[in-house]
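Student: I would like to learn how to read the features of a model with care. Could we go through them one at a time, with the general idea before the case?

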Amino acid sequence: MKPTALPYYAKFAFVLIILLCIGYMAILGKDLLAPLVFSFLFAMLLLPLARFLQYKCRLPRAAACMLSVILFTAFVVLIGYLIGRQISNLADDWPKIQAELTQIGDQLHRWLVNEFHMNVNQQINSAKKEANAVGASVIGSTFLSVSSIVLFLVFIFIYTFFVLFYRKILISFLLKAFGDDSEVLVFDVAEQIQYIMKKYISGLFLEMITVCVIVFGLLTFLGVKYAFLLALITCIFNLIPYVGIFTAMAISAFLTLGTLGSTKAIEVAASIVGVHLIDSNIIMPRIVGSKVRLNALVVVLGVVVGEMIWGISGMFLAIPVMAIIKIVFDRIDGLKPWGLLFGDETEYETVLVNTVADKSDLQEETGTKKEEDILVKPVDDDGAVGTEDIKPNKNDEI
């Protein structure tokens, strides 16, 4: 007895319901799942180092995993130290920057009054009163946010260690959960996710370094004072597709406006936009590669949905999570249309070319058969088909 096949709209509805349930669970488990997803990505990045320390250096698995996490933590702390040192230098010059920005604001105010007869003093005064009123709450929320960020990072490193240490148990769980019939598929998906995420994350770090060096060189050439800090901000925010580069451009232009004036601020903004164009068209495809290609519409929607679900961390996780989802969709027959929806390649052109080629072959075969019929059945001078060359069939023989 053949199993009844569900119609496509029923399958479509089931997939949508499952995706909505997963999204709702992600919202409810934000505090647990966000650092866990980060830890899985970092574990994939650190897996070659952990294997090297375990099998080549003959360290126990726990020691190899712990040392890998410690080295990665030291690298992150070093980046944070460099950023903090630059911010402390910026804090020393902040009164000067603030005075310069205030002067620019006064000039803008006078221009608005002269050109458009707009009086914005009331709005400025009301904004100052509201800022003073909520000052204490802002300080308290800032303290809480810093504390939550520290705890978030601590849990990421703890989870990374345990994912590295218990990676074989996790694979065994997946094999048992999906059954023996899906063993090859589970191994294939796991290997592809590990390989692609390792290439993607390592390539992303190399891309960050490349962008940082280029931006630092351009800003140093332009004479920007905090060139290194702005280069670090640009390369970190560049991890957020489309939104991050414009945020970094706004921050860099704002600080340059307070130190060197509007002309330099425009030059800095144009330089960062130019670096972004070079990065998205040359650096990103060559360094990060195109193992999993996501179309721009899905990337933008993923960043927006990630911010709605997990905030800033969701924006950073949007591309790797969607890449993993696309790998799973591409290897399950019932979900391949969804994988095609995520990608930037279409099968329509290939199908069209193949269809045209098949039709051409069919026409050629048909034409050949007609020519053979003409050769087999010669036509006499009076237009009648000759009978002497027609081969008798078996019925005639019988």
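Student: Does Lys 264 count as buried, partly exposed or exposed, and at what relative accessibility?

Tutor: A word first on the basis: this is a predicted model, in which local features need pLDDT of at least 70 and side-chain atom pairs count only at pLDDT 80 or more, while totals for chains, interfaces and linings use all residues. Residues are numbered from 1 along each chain as its sequence is written, and side-chain values use heavy atoms, with hydrogens and water left out. As for the classes, buried means under 20% relative accessible area, exposed means over 50%, and partly exposed is in between, with a 1.4 Å probe and protein chains only. Lys 264, at 26% relative accessibility, therefore counts as partly exposed.

Student: With which side chain does Lys 264 meet in a salt bridge?

Tutor: A salt bridge is a side-chain nitrogen of Lys or Arg within 4 Å of a carboxyl oxygen of Asp or Glu. For Lys 264 the partner is Glu 267, at 3.6 Å from N to O. Both residues belong to helix H11 (residues 262-288), where they are 3 residues apart, about one turn of the helix; helices here are DSSP runs (H or I, at least four residues), as strands are (E, at least two), numbered from the N terminus. Glu 267 has a relative accessible area of 31% and is partly exposed.

Student: How many salt bridges does the structure hold?

Tutor: The structure holds 3 salt bridges. Another one joins Asp 330 and Lys 326, with 2.8 Å from N to O, and this pair lies within helix H13, 4 residues apart, again about one turn of the helix.

Student: Which residue forms a salt bridge with Arg 331?

Tutor: Arg 331 pairs with Asp 188, and the closest N and O atoms are 3.2 Å apart. Arg 331 lies in the loop between helix H13 (312-330) and helix H14 (336-342), and Asp 188 lies in helix H8 (residues 183-222), so the pair ties together parts that are 143 residues apart in sequence. The relative accessible area is 27% for Arg 331, which is partly exposed, and 30% for Asp 188, which is partly exposed as well.

Student: At what angle do H8 and H13 pack?

Tutor: Axes are lines fitted to C-alpha atoms, for helices over the stretch in contact, and the angles run from 0 to 180 degrees between N-to-C directions. H8 and H13 pack at about 150°, with their axes 10 Å apart. That makes H8 roughly antiparallel to H13, given that angles under 35 degrees count as roughly parallel, over 145 as roughly antiparallel, 65 to 115 as roughly perpendicular and the rest as oblique. A crossing is left-handed if the near helix is turned anticlockwise from the far one by less than a right angle, and right-handed if clockwise; H8 passes H13 in a right-handed crossing.

Student: How far apart are the axes of H2 and H3, and at what angle do they pack?

Tutor: The axes of H2 and H3 are 8 Å apart, and the angle is about 130°. That makes H2 oblique to H3, and their crossing is right-handed. In the loop between helix H2 (30-56) and helix H3 (61-92) one finds Arg 58, whose phi is near 60°, a positive value in a residue other than glycine. Arg 58 counts as exposed, at 71% relative accessibility.

Student: Which residues make the nonpolar surface patch?

Tutor: Patches are made of residues with over 30% relative accessible area and no salt bridge, where like charges are joined within 9 Å and nonpolar side chains (Val, Leu, Ile, Met, Phe, Trp, Tyr) within 5 Å; the areas come from the Shrake-Rupley method with a 1.4 Å probe, and for residues only the protein chains shown count as cover. Here the patch of about 850 Å² is made by Phe 40, Val 150, Leu 151, Val 154, Phe 155, Ile 158, Phe 162, Tyr 166, Ile 169 and Leu 170. Helix H6 (135-165) and helix H7 (167-178) are the elements that give two or more residues to the patch, and its largest share, 6 residues, comes from H6. Tyr 166 is placed in the loop between H6 and H7.
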